[in-house]
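Take a look at the sequence and the model first, and then read on.

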Amino acid sequence: PKILLLGAPGAGKGTQSKNIVEGYGVAHVTTGDALRANKDMETEHGTPREYMEAGELVPDPVVNEIVEAALAEAGGFVLDGYPRNLSQAEYLEDITELDLVVLLDVDREELVRRLTGRRVCSECGRNFHVEFDQPEEEGVCDECGGELIQRDDDNEETVKERLEVFEENTQPVIDHYEAAGQLVRIDGEQPPGEVWTDLEDAIENA
Ligand code: AP5
Ligand code: ZN
């Protein structure tokens, strides 16, 4: 299937994308990871790092190109972190058709708690949380033994900016899919396993 996973920063897109990839064998197409892996790439608009560390959107031409190349190679996919504004949504409509559009719905207060408490494995990318999802041994990944780090953009100030950018730019994208009758809303405040159960149902019914 071709799945679009929408949600605010910290809603659980990365966490649930992993489940979809494992459960359905699709490609994980994520602009966030792609940009983090190419933070210092020189473009005519500067480097991704400058935007990401400020919590701003990286310019559309840079991300559109990443997504178009990744989707060209993918059969089924879960798209995570894109589109983030209406112009990206229009671009996406020209390059592919979607089977399912899902929103992971989470309150702002909970988003701040999740993002500021998140720790990420520097080796395999698995997410942990200082309260909700602690590793067996502090600072060490359960799965691969890698070191857990805090993302550069998970400090309080940048989180606040990311949530404002989401409200202003990405909420209209959600409204657009909702108005088109395409949006399936899932309660993202449930524990991860329950979110996954709802998500599987949505995929089966798509
Ligand atoms: P990106 O990497 O896409 O970050 P994001 O959208 O801010 O999303 P996150 O990865 O922070 O959160 P998530 O929803 O994946 O949550 P997670 O599963 O980790 O983008 C980063 C930056 O790149 C942007 O700011 C921008 O600069 C740039 N960028 C990316 N795409 C772009 C685009 N299209 N256009 C322009 N610029 C772009 O979960 C969060 C935490 O909560 C974890 O600790 C996890 O363990 C925990 N958790 C997850 N689920 C649950 C649950 N159900 N209950 C309790 N805790 C949970
Ligand atoms: Zn790891």
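## A buried proline and its surroundings

Pro 83 counts as buried, because 25 other C-beta atoms lie within 10 Å of its own and the cut-off for burial is 20 or more. Please keep in mind that this is a predicted model. Pro 83 sits in the loop between E3 and helix H5 (86–95). Leaving aside residues up to four places away in sequence, Pro 83 touches Gln 88, Ala 89, Leu 92 and Val 173.

Arg 84 is also placed in the loop between E3 and H5.

## Annotated positions

UniProt, in an unreviewed entry, gives the feature "binding site" for Thr 31, Arg 36, Glu 56, Leu 57, Val 58, Gly 81, Tyr 82, Pro 83, Arg 84, Gln 88, Arg 151 and Arg 162. These positions do not all gather at one spot, because they span 132 residues in sequence and their farthest two C-alpha atoms are 24.7 Å apart.

The unreviewed UniProt entry also lists Gly 10, Ala 11, Gly 12, Lys 13, Gly 14, Thr 15, Arg 118 and Gln 190 under "binding site". Of these, Gly 14 is in helix H1, while Gln 190 is in the loop between E8 and H8. Not counting residues up to four places away in sequence, Gly 14 touches Asp 80 and Asn 127.

| Residue | Other C-beta atoms within 10 Å | Class |
|---|---|---|
| Pro 83 | 25 | buried |
| Gly 14 | 21 | buried |
| Arg 84 | 20 | buried |
| Gln 190 | 15 | partly exposed |

## Helix H1 and the sheet

Which strands does helix H1 lie across? Helix H1 (residues 13–24) lies across E1, E2, strand E3 (77–80) and E4, and runs at about 175 degrees to E3. Its 12 residues should span 16 Å at 1.5 Å a residue, and because the end C-alpha atoms are 16 Å apart, the two values agree. The buried residues of H1 are Lys 13, Gly 14, Thr 15, Gln 16, Ser 17 and Ile 20. They pack against E1, E2, E3, E4, strand E6 (127–129) and helix H8 (192–204). Just after H1, Gly 25 has a positive phi of about 65 degrees.

The sheet is open and has five strands in the order E2-E3-E1-E4-E8, with parallel pairing. Strand E2 (27–30) and strand E8 (183–187) are the edge strands, each pairing on one side only. On average, neighbouring strands of this sheet are turned by 25 degrees against each other, direction ignored. Strand E1 (residues 2–7) and strand E4 (residues 100–105) run parallel and are joined by five bridges. In this pair, Gly 7 stands opposite Leu 104 in E4.

## The whole chain

The protein chain contains eight helices and eight strands. Its radius of gyration is 16 Å, close to the 17 Å that the globule rule gives for 206 residues, so the chain is as compact as a globular protein of that length. Along the principal axes, its C-alpha atoms fill a box of roughly 45 × 45 × 35 Å. Buried residues make up 30% of the 206 residues. Among contacts with a separation of 6 or more, 70% are between residues 24 or more positions apart.

Terms used:
Residues numbered from 1 in each chain as written. Chains lettered and ligands numbered in written order. Predicted model: local features only at pLDDT ≥ 70, side-chain atom pairs only at ≥ 80, totals over all residues. Pairing = 2+ DSSP bridges. Helix = DSSP H or I, 4+ residues; strand = E, 2+ residues; numbered from the N terminus. Axes fitted to C-alpha atoms, helices over the stretch in contact; angles between N-to-C directions. Contact = placed C-beta atoms within 7 Å. Expected span 1.5 Å × (residues − 1). Buried ≥ 20, exposed ≤ 12 C-beta atoms within 10 Å, placed from the backbone. Rg over C-alpha atoms; globule rule 2.2 N^0.38 Å. UniProt positions renumbered as here; feature names shortened; annotations may be inferred.
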